[in-house]
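Biologist: I have this one open on my screen, could you walk me through a few parts of it?

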Amino acid sequence: MRIVIVGGVAGGMSCAARARRLDESAEIIVLERGAHVSFANCGLPYFVGGEIDDERSLLVQTPASLRAALALDVRPGHEVIAVDAEARTVTVRTAEGMSLLSYDALVLSPGASAFVPPIPGVESPRVRTLRTVEDAVALRDRVRAGARRAVVLGAGFIGIEAAEALAAQGLEVTVVELAPQPLPPVEPELAWLVSEELRALGVDLRVGVAASAIVPGADADSVVLADGTEVPADLIVVSVGVRPDTATFERAGIACERGAIIVDDHGRTNLPGVWAVGDATLSVDAVTGARRPVALAGPANRAGRLVADDIIRPETARAIPRPVGTAIVRVGSLTAALTGANRMVLDAAGADYRTLHLHANQHAGYFPGASQIHLVVHVDAESGRLLGAQAVGAEGVDKRIDVLATAIRAGMAVDELIDLDLAYSPPYGQAKDAINLTGMVGENVRGGTLALWYAEELDSVLDRALVLDVRREDEWLTGHVRDALHVPHTELRDRIDEVREAAAGRPVRVMCASGVRSAIAHRVLTQAGMDSASLSGGILTLRATLGSRAAAMLDTEAFIRG
């Protein structure tokens, strides 16, 4: 059997390696149009930033090492420009010319190409994407040549990593993002924390605006923004998204949807003998059923392995699982991570869901170095099934998101998180881990023990309800909602009549720092016969949700009193 694989890196090379392990007799040919068939594309920003020093460290495998270890025929500099599915051949272009290559099984792993917006001046030599080793080397060379100012167009994961890397090299960095926040898939109340961290790194963050032109200059370019401002730049990184690189295969009759190759649950396309994997394929979201490409290395690697199983051992091959889209990024001293669906996706799907906010410590509070993990978790309103989760924090974010990704894959309900037996020792966690606490809050909400109100509702709450702040006096003075009543939760039982009189028949909406004390107060108020709800995530979530509006919405008596 001759297996021809178009494209290396994650999906293609995973498929090739698995196919060889299953069938020593197969002829396996990998055609890669670039110079490197197996490189660490996720490591490119860290090479630019100097954390990875040697370019050779980015090369995971070479044609020689793959031939020696796995007897693979790997051919860099070979671009497939046509497919004849009936004849089972591909047309290959190299520096030497054209050739035809026949196949028994064809696996397409072309990946995705960086989208470059069609704005004037984008062809300037100071403009680069960050998708290849050559891109990373060119950016690092420019930094070493004395570049002082960088503009990053796009604040997605790669854009943020590039900005962090360039700032670490001492450059003045401006990030331009059309969305109203960095990391658009991240919930706004967590994205605000990322924004603040970027500013702490010295990054000039411009959101809600796009670049309209690049004006080349003799010594530097100027990036013109849609609001009329201009930002000088010695180098410009374009990171505004990717597009499936599938035009050649769509012309050959491969069925695509919005440019992504349609595959079944074994990676088969609509043409016999042709499979596809990776960033160029259409995935079905595990939570909502939405159809979209998922440009992540993990799913591509696993799909490549399963496609090889389907080619060599179809009778026992497992289906490719639907991805939950787990991703993580470092931003200065913080880590941001997500898995499953966010609000935007759930709203688009018409889902009925509840959102939980927690600010639990990553390990025991009495152990030195304790810090908060800011968690947002979405659960199905009826069944309690976990739908999505996101977290931002200095430590422990990866562990919690990985646990929640596993729980989502397993179809667990939020209250089942209570019973997870997680590793505990004071330096590593708490006896009631953030995951267990999420389950407890979820169970309380589902069972009616806890009613929540949300920071987004503040304006309407102020119009129709009494806001009760149950924090300590010193906390109250650092900032509180205007017109709120202040009664520390330890005094609430003795002052319940004061609350009842202030409410005057209105609902009472309770708040504290993170939602723990307000939940206690809620139980006191509810059992005293009042209409009560607790602010999800407390003032920590409220401040992050309000963002730049916080100063206008909160009074700070500490400053007023001097």
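Modeller: Gladly, and bear in mind that this is a predicted model. Helix 1 (residues 9-22) packs with helix 8 (residues 297-312) at an angle of about 35°, and their axes are 7 Å apart.

Biologist: Is the crossing of helix 1 and helix 8 left-handed or right-handed?

Modeller: The crossing of those two helices is right-handed.

Biologist: And which residues meet there?

Modeller: From helix 1 they include Ala10, Gly11, Ser14 and Arg18, and from helix 8 they include Ala297, Ala300, Gly304 and Asp309. Sorted by class, the contact of helix 1 with helix 8 has nine nonpolar, four polar and four charged residues.

Biologist: Which residues of helix 8 are buried?

Modeller: Among the buried ones are Ala300, Gly304, Val307, Asp310 and Ile312. The buried residues of helix 8 pack against helix 1, and also against strand 1 (2-6), strand 9 (105-108) and strand 22 (274-276).

Biologist: Switching topic, where is histidine 357 found?

Modeller: Histidine 357 lies in strand 27, which covers residues 353-361.

Biologist: Why do you call histidine 357 buried?

Modeller: Because its relative accessible area is 7%, and buried means under 20%.

Biologist: What polar contacts do the side chains make there?

Modeller: The side chain of histidine 357 has a polar contact of 2.7 Å with the side chain of glutamate 189, and another polar contact, of 2.7 Å, joins histidine 357 to the side chain of serine 536.

Biologist: What else does histidine 357 touch?

Modeller: Leaving aside residues up to four places away in sequence, histidine 357 also touches Arg343, Leu375, Val376, Tyr454, Gly537 and Thr541.

Technical notes. Residues numbered from 1 in each chain as written. Predicted model: local features only at pLDDT ≥ 70, side-chain atom pairs only at ≥ 80, totals over all residues. Heavy atoms only, no water. Axes fitted to C-alpha atoms, helices over the stretch in contact; angles between N-to-C directions. Helix = DSSP H or I, 4+ residues; strand = E, 2+ residues; numbered from the N terminus. Left-handed = near helix turned anticlockwise from the far one by under 90°. Contact = heavy atoms within 4.5 Å. Nonpolar A, V, L, I, M, F, W, Y, C, P; charged D, E, K, R; others polar. Buried < 20%, exposed > 50% of the residue type's maximum accessible area, 1.4 Å probe, protein only. Polar contact = N/O pair within 3.5 Å; in protein donor to acceptor, adjacent residues only side chain to side chain.
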